[in-house]
Amino acid sequence: MVELKEKLLKEEYHKQKNIKNFPVQALLDISEDESKFLKELGLETIEDLANKWNEQYDKMVKKIPKERVNSWIAASRLVSLEETEKVTSGAKIIMVGIDNAGKTSLSIALKHRGALSLLFQKLYALTPTRGLLRSKIEVFGMDIHMHELGGQSIYREDYLNNPQQYFIGTDVIIFVIDVQAKDRFEESFEYLKQITNVTNALKLKVPWKIFFHKSDPDYEIDEKSTEVFGSIIEYMSKNCPFFNPAKDFFRTSVKIRSSILGAFSHIFRGISLIEQGTKEASQKVAEQLNADFFGLYDSRSNVCFAQYTTGEQYVDIAHNAYYEAIETIVNIREPFLRIRRYTLEDDANEIFILRDLHFSGDIYIMAVLTQDEEMATNLDQDAVQEIIENQLRDWIEFRGYAAFPLD
Ligand SMILES: Nc1nc2c(ncn2[C@@H]2O[C@H](COP(=O)(O)OP(=O)(O)OP(=O)(O)O)[C@@H](O)[C@H]2O)c(=O)[nH]1
Ligand SMILES: [Mg+2]
């Protein structure tokens, strides 16, 4: 097993001890200019970066892409932790929106593994959530606590009057809007404003995501609705510093399962802090397998934790194929292999492969899309396991990565 140090530090530092006192430049991808800049901010050593980054975060991300900054923070925290011990930590995600928006449906649809018709049966029988509903999912060793705030007006008052009780320590807030409920847009927008006001008053620097939910394939969104959605995005970008109007909204529908899996996976990868590392490792796997898409899914939550693709169009295809294939697996604990062929709009023939993977007692699921017929037919299962182990084992086994504590 390659040591974490070797993955995160420049070579000349591998053999040395006392990582915490190394200059930040010891981290693999920090240039001289960047380390000078960090020094000006008082972040001189890896320990500084690991412990004091939040004091200077705003300044850092003004000059340097957030993804880079996040990966430095993650790396510095990982190597500092390695000296002590691995700790499991968690993240908290809040889902909020008015009643009937589809919050409970979203979390059920994400985890559902049976036929679509069975999912609809479950959703049909849903009743309004009474107040706060907690659930926990574990994604590669990270506990993700989902807090769903039942949206009926009798409950909303309490969230707004006692926001500290609900919103402190949140890593992401997802606001869900039913795009089909035109007569409730105003109420929904008003509620969003009230919540952003209270979280801003609490000085929470929490990232926001907006789900334009019930964007069913057969539902046409009219011009007026589009305008309302535009003004919501504009409001968010003006009032919430951690909302990116280009990236932080999603169109979701329980009828398009890839939309929900894609949105949640994106969010989970974003708060895991090791996104960059797993992405690079996934890229190496994809290259070795000659794949257009490689994804590693958590067998309990379905969340796609590590992902690499040569083109964005493959992501939805892979996520949908994942659900279609996983539906046919009766016992997830027994070894399985599913191979399916898809012809895309551009007539390309993609072979989809789904199989189980085992790491330290846990079951994960890998999905690959490839046009390489030979690779797919001669797939050597042990070799695949080995490639993935070599590239991803450290990331998967490291159970101490933390969620992004923006406060
Ligand atoms: N057409 C369509 N209906 C959906 C979709 N998602 C959920 N629904 C329906 O919307 C209704 C409300 O869903 P819930 O998930 O209970 O809504 P909620 O936001 O949890 O509501 P509260 O718990 O009261 O806050 C259910 O009847 C679902 O079947 C979707 O993507 N498309
Ligand atoms: Mg609910």
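Student: How many aromatic pairs does the structure hold?

Tutor: The structure holds 15 aromatic pairs. Keep in mind that this is a predicted model.

Student: How do I read the geometry of one such pair? Take Phe185 and Phe229: what are the distance between their ring centres and the angle of their planes?

Tutor: Two values decide the label, and planes over 60 degrees apart count as edge-to-face. For Phe185 and Phe229 the centres are 5.3 Å apart and the planes stand at 65°, so this pair is edge-to-face. Phe185 and Phe229 are both buried.

Student: And what kind of aromatic pair do Tyr297 and Tyr322 form?

Tutor: Tyr297 and Tyr322 are stacked, with 4.1 Å from centre to centre and 10° between the planes. Tyr297 belongs to strand S7 and Tyr322 to helix H13 (residues 313-326), so the pair ties together parts that are 25 residues apart in sequence. Tyr297 counts as buried because its relative accessibility is 0%. Tyr322 is likewise buried, with a relative accessible area of 0%.

Student: Which residues do ring pairs link into a cluster?

Tutor: The cluster consists of Phe185, Phe212, Phe229 and Phe249. Phe185 and Phe229 are the edge-to-face pair described above.

Student: Next, the metal. Which residues coordinate the magnesium ion (ligand 2)?

Tutor: To read a metal site, list the donor atoms and then locate their residues in the chain. Here the magnesium ion (ligand 2) is coordinated by OG1 of Thr104 and OG1 of Thr129, at 2.0 Å. Thr104 is in helix H5 (residues 103-111), while Thr129 is in the loop between helix H6 (116-124) and strand S2 (132-139), so the pair ties together parts that are 25 residues apart in sequence. Thr104 and Thr129 are both buried.

Student: How do I read a sheet? In what order do the five strands of the open sheet stand?

Tutor: The order is S8-S7-S11-S10-S9, and the pairing is antiparallel. S8 and strand S9 (337-343) are the edge strands, each pairing on one side only. On average, neighbouring strands of this sheet are turned by 15° against each other, direction ignored.

Student: How many bridges join S9 to strand S10?

Tutor: Seven bridges join S9 to strand S10 (residues 349-359), and the two run antiparallel. For a point of reference in the model, Tyr342 stands opposite Glu350 in S10.

Student: Which strands of the sheet does helix H11 touch?

Tutor: Helix H11 (residues 257-272) packs on the sheet and touches S7 and S8; its direction makes about 100° with that of S8. Helix H12 (residues 275-288) also packs on the sheet, touching S7 and S8, and its direction makes about 55° with that of S8.

Student: Is strand S3 mostly covered or uncovered?

Tutor: Strand S3 (residues 142-149) is mostly covered, as seven of its eight residues are buried. Strand S1 (residues 90-96) pairs with S3 in the parallel sense over six bridges, and Ile93 stands opposite Met146 in S3. S2 pairs with S3 in the antiparallel sense over eight bridges, with Arg134 opposite His147 in S3.

Student: Last, backbone angles. What is the phi of Lys214?

Tutor: Most residues other than glycine have a negative phi. Lys214 is not a glycine, yet has a positive phi of about 65°. Lys214 is in the loop between strand S5 (208-213) and helix H10 (223-239). Lys214 counts as partly exposed because its relative accessibility is 21%.

Student: Where does Asn302 lie, and is Asn302 buried or exposed?

Tutor: Asn302 lies in the loop between strand S7 (291-298) and strand S8 (304-309). Asn302 has a relative accessibility of 0% and therefore counts as buried. Phi of Asn302 is positive too, near 75°.

Definitions and conventions
Residues are numbered from 1 along each chain as its sequence is written. Chains are lettered from A and ligands numbered from 1 in the order in which they are written. This is a predicted model: local features need pLDDT of at least 70, side-chain atom pairs count only at pLDDT 80 or more; totals for chains, interfaces and linings use all residues. Side-chain values use heavy atoms; hydrogens and water are left out. Helices (H or I, at least four residues) and strands (E, at least two) are DSSP runs, numbered from the N terminus. Buried means under 20% relative accessible area, exposed over 50%, partly exposed in between (1.4 Å probe, protein chains only). Donors are N, O and S atoms within 2.8 Å of the metal (3.2 Å for Na, K and Ca); water is not among the atoms, so sites may look incomplete. Rings of Phe, Tyr and Trp (its six-membered ring) pair if their centres lie within 6.5 Å; planes under 30 degrees apart count as stacked, over 60 as edge-to-face and the rest as tilted. Two strands pair if DSSP finds at least two bridges between them. Axes are lines fitted to C-alpha atoms, for helices over the stretch in contact, and angles run from 0 to 180 degrees between N-to-C directions. Contact means heavy atoms within 4.5 Å.
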